[in-house]
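Have a look at the model below. After it come some questions about how its features get their labels.

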Amino acid sequence: MSLLYRHTTKPELMTKMSQLAREELTHFQKVTEILLERKIVYSRLSPSRYANKLRSLIAHEEKWQLVDTLIVGAFIEARSCERFAALAPELDGQLQRFYLGLLKSESRHFCDYLELAQKYSSADITDRVQQFRLIEEKLITGPDPDFRFHSGIPESSDIVESFNSRK
Ligand SMILES: [Fe+2]
């Protein structure tokens with residue numbers, strides 16, 4: 001949403017980002033419906049280390065700021081895809097269908113972000129993506145104190161055990 005308002009001279013970005021935001025909000029609405037149905041109280045979580053760290057690497061110089069923001073968006077969406085795919089087979093029918101639907105959207109979003117990043121960069125973005133990839137890989141494979149959708153390896157063995165013994 002903030003990209004929409006910040007880049008008013010880039011119509012393709014505005015179009016794609018407004019489609020994407022609308023879709024994400026539809027998903028949010030569906031999540032709130034499922035929570036209500038299942039009598040689960042929504043509680044706010046602190047932001048993940050993953051997204052915080054990636055966002056902290058976004059350049060401040062104008063030349064790269066938008067491109068980096070879009071690359072980070074692409075990584076977050078791609079990881080979401082991976083996680084929805086891993087979790088879906090473990091879930092009941094309703095959630096499985098929902099997660100597989102999310103997976104499909106996220107895979108589109110991740111491509112949209114990357115295409116836009118290349119479109120608004122004056123140079124090839126391959127090296128830039130690679131720089132983020134190296135740090136992203138550390139975040140996802142390293143120990144993580146917080147258990148979130150995009151966590152690295154949970155530090156607490158309690159979380160791993162309770163996940164493995166949940167059936
Ligand atoms: Fe998304």
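Q: Why are H4 and H5 called roughly antiparallel to each other?
A: H4 and H5 pack at an angle of about 160°, and an angle over 145 degrees, taken between N-to-C directions on a scale from 0 to 180, counts as roughly antiparallel. H4 and H5 are therefore roughly antiparallel. Their axes, lines fitted to C-alpha atoms over the stretch in contact, are 8 Å apart. Helices here are DSSP runs of H or I with at least four residues, strands are runs of E with at least two, and both are numbered from the N terminus.

This is a predicted model, in which local features need pLDDT of at least 70, side-chain atom pairs count only at pLDDT 80 or more, and totals for chains, interfaces and linings use all residues. Residues are numbered from 1 along each chain as its sequence is written.

Q: What makes the crossing of H4 and H5 left-handed or right-handed?
A: The crossing is left-handed: that is the term when the near helix is turned anticlockwise from the far one by less than a right angle.

Q: What kinds of residues make up the contact of H4 with H5?
A: They divide into 17 nonpolar, four polar and two charged. Nonpolar covers Ala, Val, Leu, Ile, Met, Phe, Trp, Tyr, Cys and Pro, charged covers Asp, Glu, Lys and Arg, and the others, Gly among them, are polar. Among the residues of the contact are Leu-70 and Gly-73 of H4 and Glu-106 and Phe-110 of H5.

Q: Which residues have the most contacts inside the largest nonpolar core?
A: They are Val-67, Leu-70, Ile-71, Ala-74, Phe-75 and Ala-117, in a core of 18 residues. Such a core is a set of buried Ala, Val, Leu, Ile, Met, Phe, Trp, Tyr and Cys residues joined through C-beta atoms within 7 Å. H4 gives the most to this core, with eight residues.

Q: What is the phi of Lys-39?
A: It is near 55°, a positive value in a residue other than glycine. Most residues other than glycine have a negative phi.

Methods:
A residue is buried if 20 or more other C-beta atoms lie within 10 Å of its own, exposed if 12 or fewer, and partly exposed in between; C-beta atoms are placed from the backbone. Angles under 35 degrees count as roughly parallel, over 145 as roughly antiparallel, 65 to 115 as roughly perpendicular and the rest as oblique. Two residues are in contact if their C-beta atoms, placed from the backbone, lie within 7 Å.
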